[in-house]
Amino acid sequence: MNIDTFIGLFESMFRTSIPLIIAAMGTIISERAGVINLAIEGQMLIGAFAGAAITFYFENPYLGLLAAVISGSLMASLLALFSIEGRSDQVVTGMTLNIMAMGIVPILGKFIFENSGSTPAIPIEHRVTWLPLFLEVLIPIVVYLLFKKTNWGLKTIFAGENPNGLSAAGYSPRWIRWQAYLISGGLGGLAGWVLSVYLSSGFSRGMSGGRGFIAIAAMIMGRWRPLETCLICFFFGLSEAVQIQLQGVELGGQKIPVQFIQILPYLLVLITVGGLIKGSKAPKALGTSI
Amino acid sequence: MSKLNHNPLVIKFLWPISILIFTSAFLFLLNENPFNVAKIIWQSATSSRFDLGMTLFYSTHFILTGLAVSLCFKVGLFNVGAEGQLTFGTAVGTAASLLSARLGYFTSILIGTLMGIVAGGFWAFIPAYLKIKRGAHEVITTIMMNFIAAGLASYLIIIHFSNPDSQRPESAVVPAFDWLRSHDLLAQSFEGSPVSFVFILAVFLCLAADFILMKTPLGYLIRATGAGFDAAEVGQIPVRKIQLSVFTIAGAIAGLTVLTEVIGGVGQYKLGFSADYGFTAIAVALIAGNRPYLIILSGLLFGVLHKGASGLDFESDVLTKDFSYILQSLLILFIIVRGRVKNEH
């Protein structure tokens, strides 16, 4: 392995981490407000599909971006409706919406493109070049500043730590949680758009590949702090980049089976979540209904 | 909205009805008549012997995995890993059965099944252990285990046990398969479909689980573990030990899929055989609610929906069998809404 491969790996890492970082920022916002957004995976899936479909149809990636954010938020609004208003269990509802996304996306795909798998390939001139990288830096900084410096951030933290105290002060934790869900969903959709329009040239079946859950794992490891979480996301993104490079490489004369390499990122998440977390510093009112 | 939500009648009826209305609207938008959809689903699931056999076959899968998920809910854990547990169990069980083929039909069936159970249990043990010892959230760990299992199963079957007679991604045929099928009453009654005696076994397991859970002291302890009693009472219950044991057993039950699918059903491990049985299991468990014996009915319901949805794929221009995911999630949403209680703000 020479220096070029190393550099190539790091460049790759910065790209593959983008969806993880954006999604993780989304989950941080929701969980800080006290609500669990397990549907981030489905929001990513739907965002990837909507983003690719609209980008292809209107030959404009920015319209695709809008579509992805809106569809992610729409899904999150369902989650908010059922878990905040309907008081259903947030984890179960989130997971259920993921299943629903798995059903809706192929059917829409067949309806619009006659293909329940992939969307048609987006020509290179309709894709984006630098915007996702810019977002990768911008969004974590914005989220960090949001929580550190703004009133909104403070109220959100309160909604997650002490919702009763917040309502005693005259604010509505319920409204904050709705907002948090919508923003979180929008970011999830945005992460999906990056997947299908930037990192790829279209949507393919099951594209999110567990990344939403990996983002949640990164958030837990990053102790719900934006900047630490970014580092963890880079770590996971690196494993995905390595996995791409490693395919075909030999170890001691034997070709490593491709399946072993493919499971590396998931194995890594398992080991880190299982090995390095002892007790959690989650927001106190996380997952509770108000 | 909040005033409406305080009325229990509203909660029970308005939410499900709203869901039904939205689904129908969605279907109308796609130029599909909801009643026609329902008819297609029912006919596809029940019209012929073969259809019924397939429905029962799918139901067997759903009952087993549904039981696996449901047991974990009982001890307060969310088992999203039934998919990985059934995959890993089936792959290892298939391999074991193929390896022990020379020991005779009955023995190879036994060994394959046992190894499937052990492997499934092992696959559940890992995330359960990480949860109780390290506080690792079981939703994340089990989902990762699902992905890892898929990779390992693919490796095991394709690289080491693949079918010498075909190019498809499948294992060799288990030698005891034909012998087992010829002695299987259910298999003979529904000729052509992979349903087997395992359906009866699955039903029996549910009834047994129901009995143990409801009528024995052990069952009481298990239910108490998940019920969230206060600290004083919890002190008497070995919560973590029970959680670990139940979670592992759940994985073992999922591993029984090797018998349903391979040894007694299709005869070989075909990569990707599972139509997300492990995820549907979540719906099965939630719909069944509190009593394990209801998993039998819930599993049958989803068997009908699943077989029926494949008919949709055939008959409808727009809907595919993925529609069953939408149906599942709607069914779950129907029942998980609790609404607001009068005294809360």
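Buried means under 20% relative accessible area, exposed means over 50%, and partly exposed lies in between, with a 1.4 Å probe and protein chains only. By that rule A:Glu228 is partly exposed, at 25% relative accessibility. The structure is a predicted model, in which local features need pLDDT of at least 70 and side-chain atom pairs count only at pLDDT 80 or more, while totals for chains, interfaces and linings use all residues. Residues are numbered from 1 along each chain as its sequence is written, chains are lettered from A and ligands numbered from 1 in the order in which they are written, and side-chain values use heavy atoms, with hydrogens and water left out.

**Confidence**

- The predictor gives the complex an ipTM of 0.85 and a pTM of 0.87.
- Chain B has a mean pLDDT of 87, and 92% of its residues reach 70 or more; pLDDT is the predictor's confidence in each residue, from 0 to 100.
- Within chain B, confidence is highest in helix α4 (residues 82-99), at a mean of 95, and lowest in helix α11 (residues 231-234), at 55.
- Helices (H or I, at least four residues) and strands (E, at least two) are DSSP runs, numbered from the N terminus.
- Where pLDDT is low, the predicted coordinates should not be read in detail.

**Salt bridges**

- A salt bridge is a side-chain nitrogen of Lys or Arg within 4 Å of a carboxyl oxygen of Asp or Glu, and the count over all chains comes to 9.
- One of them joins the side chains of B:Asp322 and A:Arg205, at 3.1 Å from N to O.
- This pair crosses between chains: B:Asp322 is in the loop between α15 (293-315) and α16 (323-336) of chain B, and A:Arg205 is in the loop between α8 (173-198) and α9 (211-221) of chain A.
- B:Asp322 counts as buried because its relative accessibility is 6%, whereas A:Arg205, at 48%, counts as partly exposed.
- In chain A, A:Glu228 forms a salt bridge with A:Arg223, with the closest N and O atoms 3.3 Å apart.
- A:Glu228 also forms a salt bridge with A:Arg225, where the closest N and O atoms are 3.0 Å apart.
- Through shared partners, A:Arg223, A:Arg225 and A:Glu228 are joined into one network.
- A:Arg223 is partly exposed at 34% relative accessibility, and A:Arg225 is partly exposed at 39%.

**Cavities**

- By class, the lining of the second largest cavity has 3 nonpolar, 4 polar and no charged residues.
- In this classing, Ala, Val, Leu, Ile, Met, Phe, Trp, Tyr, Cys and Pro count as nonpolar, Asp, Glu, Lys and Arg as charged, and the others, Gly among them, as polar.

**Positive phi angles**

- Most residues other than glycine have a negative phi.
- A:Glu59 has a positive phi, near 55°, and is found in the loop between α2 (40-58) and α3 (61-85) of chain A.
- A:Glu59 counts as exposed because its relative accessible area is 52%.
- A:Trp224 has a positive phi, near 60°, and is placed in the loop between α9 and α10 (226-246) of chain A.
- A:Trp224 counts as buried because its relative accessible area is 5%.

**Other residues**

- A:Thr16 lies in helix α1 (residues 3-32) of chain A and is buried, at 8% relative accessibility.
- A polar atom of the A:Thr16 side chain lies 3.0 Å from the backbone oxygen of A:Gly237.
- B:Asp178, in helix α7 (residues 176-182) of chain B, is exposed, with a relative accessible area of 56%.
- B:Asp178 and B:Ala128 are 50 residues apart along the chain, and their C-alpha atoms are separated by 37 Å.

Technical notes:
A polar contact is a pair of N or O atoms within 3.5 Å; within protein, one must be able to donate a hydrogen and the other to accept it, and residues adjacent in sequence count only if both atoms are side-chain atoms.
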